[in-house]
Amino acid sequence: MNWQAKWIWHPGESAPRNFFWAVRKAFTIPNSFAQVALHITADSRYSVWVNGQYVGHGPVRAFPHRWRYDTYDISPYVCGGENVVAVLVYHFGHSTFQYLQARGGLLAQVECDGQIVAATDSTWKGIEHPAYERKMPRMACQQAWAEAFDARRDLSHWQLAGYDDSTWQNASIVGEVGCAPWKELLPRDIPFLTQEPVQPVRVMRVQAVRPPRQVWTFDLKPNLIPGDLTANPRGLVGLAVTVVECPQPTTFTMRPAYQSGRALRIDGQDISWQKAHEGIPLSPGKHLLVLNVTQSFYHDWFIGLVFDYETGDLRFESPLGDGYPWVTVGPFASEEDPAFKSAWQATSPAQIAGHPAVKPIQPAHTASVNVFGETVYAKLVPVPVRVEDIGALTSANPNDAVLYPADGADVEILVDFGRELVGFFEMELCAPEGTVFDLNAFEYMEDGRIQWTYGLHNTFRYIAREGWQSWRSVVRRGFRYATLTVRFPQGASQPVRLRGLRCYLNTYPYAYQAQFQSSDALLNQIWEISRHTVRLCSEDTFVDCPAYEQTFWVGDARNESLFSYTAFGDARLARRCLLLAGESLWRSPLVESQVPSGWEDILTAWSLLWTVACEEYYRFTGDMEFLKEVYPAVRQQNQNIHERFINGQGLLEIEAWNMLDWAPMDTPRTGVVTHQNMWLVEAWRRSAKMARVLGNEAEAQMYLQWAEELKQAINQHLWDVEKQAYIDCIHADGRRSTVISQQTQTVAYLCDIVPEEKRALFERYLTDVPEDWVRVGSPFMMAFTIEALEKAGDVGRILALIRQWWGMMVHAGATSCWETFPGYLSQEWPTRSHCHAWSAAPAFALPSYVLGVRPLESGFARFEVRPFLGDLEWAKGVVPTPRGEVKVSLKREGKGMSMELVVPERSVAVVAGREYGAGVHRITLG
């Protein structure tokens, strides 16, 4: 790429918080041209238009030192003469679980038939976009900022040619291509994501509501952990304090709209959170409210507090007398610190004002609006609501849903999009100036009750200008349902006309080549929700879920990769993910748990599953170039482990996050954790396979020797003779764990740790264990159970588990697979996340174990077909491979079955020991 463009930025702060920069450049092209291309990237993200036509958004997530750029063919959007490219750059100003904080920047270059006609430099004009509200809460600790847009301050038509940008500032040059922090600039390595408009399928209710009286939201981190822009969890010890004044006796409730703090005191008296939810009576006068915000492991820095009352009023003021009504006191070394105790026990504002650790909260670290708090805690108002043609919201046509102002209340609409989605909201409407539209999206309802996404502000606010307008969010959200609360300006008499509320479904562009059907309608539904789950969790990387986190968790992605091979047959996203994960070794000894992330973390099993996934990718694709590219990272991780983390007993011992399942296993942060020692055995065996393919026989033998030595150490030190099972761990102080888990035994069987004479016993453990053992707690772990059952040759039990656990989801109305099974940690709802691709195991199991299609040689040069019908009358499907589609049709015939098999070119199928070349084959199996 011949870059003449320079990195540019707004001539101000290099990394402003929640900052939107509108920047544009006019360019001229001849009347006759063949192709016009736009190369573009930005830090943190961009949306781009050409002559007012929306082109796309990006870039894909990456580490700053290996940043990515996009290339668009913009020929359809340009014409001979003057044109304009307009970019909205969104800079986070803080690390997230998808982004490492660097600095703001834009790089763009337009080429017409190979000639550069525009390139970012100081002649590009920009302005801070005035319609975006910067003072917003974080959506979640994993994501960036909640969104609010005031169309009254919009830059109307700024994306069009001819717009007068003469008052805008010239951009400042940051540096040439290759400057820090974007030292290496690489082209996008996957296709662009989809942009499919989806309408709601039904309006579930319309009602009058009012918001709670007051919502206060502020960021603790700048005061209590100053200077930290990472996403690393940190402990803190401190207080948040305000003064509440009541002109008359008032009873108020206090609830969380983000984090709420551990403990609460008013005038030196302890107040329980139950009492705060039920109602706190206050006498007239001023009262000191002290909130203990101490946390030992803290990701969520924002405090959100909702105050409501039916009569009276509350006024909040700073203990310092002026400024924002809340202050912090701290940080402290511990809650035993006398300075902490003196503030916690304070009974008057003067005691706080005179405290040496008191700090005002700066306005920039507060939130102007908290849509989550204002919608979740809204109260019903018993007034009639007038609407016309509300069903128009469900139709992609020019009809309008009409909403009239309610008497002193807001109008709340609840819509169902019919299935889980992920993407960008868009609205088209006509409204009186100042009408507020608050949207809150969520995933699940049960018996009319809403499961709000606590911990995730899945919201936006849009404030209308007068007349017709359309607006598209720049923040991706995952959801199925949404409330849209319309807040008319005071005195409004004109209605709101809603012509569109839609989501642009934004996922990796899979083709639906893979197919599975059977005589069991339940299994067919399970296949569909599993495949849909994989799609929704396929963005610019695999992600754990489309709503709460949108994070590329490396261990999750091992399973998601397998599921995508058989659900869609496209391995390009898996390739990107595996290589991106390997890049994290630039700063960590093992591949990190989630990348690229501001949380620098190792989850040991995830690192080892990455190695397993690399070998599996090669086996399914035959992509030798990938193997050459990734193997140095595999080698580096192996060497780091062997040199630094193998203890005197020959066991893996590392201080890290050592979980495997959402279940009460004994997997401490330090010590020897059994399951990950077993995963390491398998990772070294898979490394040996990769080394051998690349011709490194000496390394292969070394890895196999390491694996065998570790297997022997596991059986010597981690076996419990009395329980006839492996213990979960040996603690750092040498104590042997008393916990025996089904998970550890499953991994032992799957990784061939179990001595041959005990295999039958462990095959029973896969689904039947003693009452006092820890049992499998999530669909993620059950995916390994399913793999182990296939290894044991028991596909019948696999189908039973799928029908039991995934059938439960289907019967509950799920359109995607749940993160956990019901009952985890006594949660009120069936699960937290209702779309989690680590749970989509049937997308792999049904084609692989019922149709029986599995690779024997890399890239399906030779593959096995070992079908299983069990109690099914028939099953059929398509398994895409790099060499073409494998088609299988099975039908029960007496005590056996008949099979029609289509083998693609350049492949050989093996069925019951016999080989079949390309073509159609009709086979009878006993």
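User: Where does Pro-59 lie?
Analyst: Pro-59 lies in the loop between β5 (53-58) and β6 (66-73); helices (H or I, at least four residues) and strands (E, at least two) are DSSP runs, numbered from the N terminus. A cis peptide bond joins Gly-58 and Pro-59, with omega about -10 degrees. This is a predicted model, in which local features need pLDDT of at least 70 and side-chain atom pairs count only at pLDDT 80 or more, while totals for chains, interfaces and linings use all residues. Residues are numbered from 1 along each chain as its sequence is written, and side-chain values use heavy atoms, with hydrogens and water left out.

User: And the bond from Val-595 to Pro-596, cis or trans?
Analyst: That bond, from Val-595 to Pro-596, is cis, with omega near -15 degrees. Pro-596 lies in the loop between α8 (572-582) and α9.

User: What is the phi of Asp-752?
Analyst: Asp-752, a residue other than glycine, has a positive phi near 55 degrees. Its place is in the loop between α13 (742-750) and α14 (759-765). Asp-752 counts as partly exposed at 28% relative accessibility, where buried means under 20% relative accessible area, exposed over 50% and partly exposed in between (1.4 Å probe, protein chains only).

User: Turning to packing, at what angle do α9 and α10 cross?
Analyst: The axes of α9 (residues 604-621) and α10 (residues 624-644) cross at roughly 155 degrees and come within 10 Å; axes are lines fitted to C-alpha atoms, for helices over the stretch in contact, and angles run from 0 to 180 degrees between N-to-C directions. α9 is therefore roughly antiparallel to α10, a term for angles over 145 degrees.

User: Which residues make the contact?
Analyst: Among them are Trp-610, Cys-614 and Tyr-617 of α9, and Phe-626, Val-630 and Ile-641 of α10. Contact means heavy atoms within 4.5 Å.

User: Which residues have the most contacts inside the largest nonpolar core?
Analyst: They are Trp-606, Trp-610, Trp-679 and Leu-901, in a core of 156 residues. A nonpolar core is a set of buried Ala, Val, Leu, Ile, Met, Phe, Trp, Tyr and Cys residues joined through side-chain atoms within 4.5 Å. The largest share of this core, ten residues, comes from α9.

User: What does Trp-679 touch?
Analyst: Leaving aside neighbours within four places in sequence, Trp-679 is in contact with residues including Ala-605, Leu-660, Val-747 and Phe-784.

User: How many residues of α17 are buried?
Analyst: Nine of the nine residues of α17 (residues 842-850) are buried. α17 is followed by Gly-852, whose phi is positive, near 80 degrees.

How values were computed. Angles under 35 degrees count as roughly parallel, over 145 as roughly antiparallel, 65 to 115 as roughly perpendicular and the rest as oblique.
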